[in-house]
Each structure stands twice: as C-alpha cells, then as structure tokens.
Amino acid sequence: MPQGDAIICLGAGVDGAGRIDAAGHARAETCAGLARAGAAPVVIFTGGPARRGGPSAAQGMARAAQDAGLGSARITLEQSARSTLQNALFSLALLPADARVIVVSEAFHLPRAWASFKVMGAGDVALSPSERLRRTEDGSFALGMVIRESVALWFNAARFAAWRLGGIIGVDDSARAAWLR
C-alpha cells in the first residue's frame with residue numbers, strides 16, 4: 001500500500017444536481033479505503049461543478065467517501081478544477097511543497113494524472129487505481145476511454161506549454177489557470 005501525506009481523489013462525472021457517476025463512486029470508495037488503512041491522514045477531493053453555482057464533483061465524492069466510512073475531519077475539498085491539470089495545480093496548492101501524494105483514478109487515467117502532477121511540481125507521486133478497467137453499462141470494456149486518454153495526453157502537453165510560456169511572459173496566474181481547463 002502506498003504511503004503519503006495526502007490522498008488526492010480526482011474528479012469524475014457529476015450532473016447538475018451534484019450526483020456523481022459510477023467512476024466517481026469507485027474513486028471515492030477507493031480513497032476511503034486507503035485512508036482507513038492508514039495510507040495518508042487526509043483526502044483531497046478535487047473537481048468542480050457541472051454547472052456554475054451547482055454542487056461540485058468534489059462534494060459528491062466526499063459524500064460517497066463518508067458513506068464508505070471516511071470521517072469528515074479527514075476531508076478537504078478543492079471545488080474549482082475542471083481538468084486533470086487543474087486538479088494537480090489546485091490540489092498541490094493546498095499542501096506543503098514537499099508533500100507525498102497518492103493520486104486515485106481509474107488505471108487508464110493514471111499515466112496522464114501522474115504526468116500532470118509532476119509538471120505542476122509534485123515531487124513524490126504514488127498512484128492507486130480505483131478500477132483496473134472501466135466498463136460500460138452493458139459490461140463491455142470502455143475502449144473509447146483509452147483512446148480518449150491517448151489524445152488527451154497531447155492536449156495536456158499543449159495546454160501546459162501555453163501555461164508555462166504565459167508565466168514566462170508575465171501573464172497573471174489566475175488567467176493562466178483558466179488555460180488549463
């Protein structure tokens with residue numbers, strides 16, 4: 001079992017009413033299990049709302065983790081992130097610079113998540129899959145998600161390059177953070 005200073009639960013699908021999808025439930029339950037087993041003292045749930053002013057993915061996953069036995073004192077919410085790069089940027093801002101993090105998502109998403117956390121400054125990043133293979137409602141393997149991740153990795157690289165260049169030329173940090181969406 002990985003050990004860290006914080007478990008970071010990456011946001012998943014959420015509807016306008018704040019209901020999370022099956023992937024969000026799996027992630028939240030995995031985080032609750034890791035925390036109960038002593039992997040880290042705190043879980044950061046990261047993910048914004050589906051609609052402006054609505055409940056966030058972070059809130060929905062935190063509720064699911066509480067239902068799975070995670071105490072509210074161990075929960076921190078980051079409710080602004082709308083992408084994996086923003087998950088990393090905004091979550092790491094809540095932690096000391098040398099924090100060891102355990103990132104939780106589905107296995108197909110973890111390589112991009114790891115890269116996102118590393119480029120945003122995380123030193124020690126451990127990965128923990130919430131699911132090995134995502135399945136569709138009919139039980140088949142969701143091949144489309146693997147293809148999407150392959151493309152998303154390159155979009156992330158381009159967005160990160162723009163974000164970094166913006167910092168070099170003096171663009172405000174909050175404006176640059178929006179570029180990571």
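In this predicted model, helices α1 and α2 pass each other in a right-handed crossing. Helix α1 covers residues 22-36 and helix α2 covers residues 57-67; their axes come within 8 Å and cross at roughly 50°. The two helices are therefore oblique to each other.

**Contact of α1 with α2**

- On the α1 side, the contact is formed by G24, H25, A28 and A32, while α2 contributes M61, A64 and A65.
- Classified by residue type, this contact of α1 with α2 holds five nonpolar and two polar residues, and no charged ones.

**Contact of α3 with α4**

- Helix α3 (residues 84-92) and helix α4 (residues 110-119) have axes that come within 8 Å and cross at roughly 45°.
- An angle of this kind makes α3 oblique to α4.
- The crossing of α3 and α4 is right-handed.
- From α3, the residues T84, L85, N87, A88 and L92 meet R112, A113, S116, F117 and V119 of α4.
- The contact of α3 with α4 comprises six nonpolar residues, three polar residues and one charged residue.

**Contact of α4 with α5**

- Helix α5 spans residues 143-168 and packs with α4 at an angle of about 10°, the axes being 10 Å apart.
- Because angles under 35 degrees count as roughly parallel, α4 is roughly parallel to α5.
- In this contact, R112, S116 and V119 of α4 meet R148, E149, A152, L153, N156, F160 and R164 of α5.
- The contact of α4 with α5 has four charged residues, alongside four nonpolar and two polar ones.

**Surroundings of L89**

- L89 is a residue of helix α3.
- Apart from neighbours within four places in sequence, L89 is in contact with M120, W163, A177 and L180.
- L89 and L180 are separated by 91 residues in sequence, yet their C-alpha atoms are 9.2 Å apart in space.

**Aromatic rings**

- R176 lies over the face of W163, at 4.4 Å from the ring centre.
- W163 is also one of the residues in contact with L89.
- With ring centres required to lie within 6.5 Å, the model has one aromatic pair.

Methods: Residues are numbered from 1 along each chain as its sequence is written. This is a predicted model: local features need pLDDT of at least 70, side-chain atom pairs count only at pLDDT 80 or more; totals for chains, interfaces and linings use all residues. Side-chain values use heavy atoms; hydrogens and water are left out. Rings of Phe, Tyr and Trp (its six-membered ring) pair if their centres lie within 6.5 Å; planes under 30 degrees apart count as stacked, over 60 as edge-to-face and the rest as tilted. A charge sits over a ring if NZ of Lys or CZ of Arg is within 6 Å of the ring centre and within 35 degrees of the ring normal. Axes are lines fitted to C-alpha atoms, for helices over the stretch in contact, and angles run from 0 to 180 degrees between N-to-C directions. Helices (H or I, at least four residues) and strands (E, at least two) are DSSP runs, numbered from the N terminus. Angles under 35 degrees count as roughly parallel, over 145 as roughly antiparallel, 65 to 115 as roughly perpendicular and the rest as oblique. A crossing is left-handed if the near helix is turned anticlockwise from the far one by less than a right angle, and right-handed if clockwise. Contact means heavy atoms within 4.5 Å. Ala, Val, Leu, Ile, Met, Phe, Trp, Tyr, Cys and Pro count as nonpolar, Asp, Glu, Lys and Arg as charged, and the others, Gly among them, as polar.
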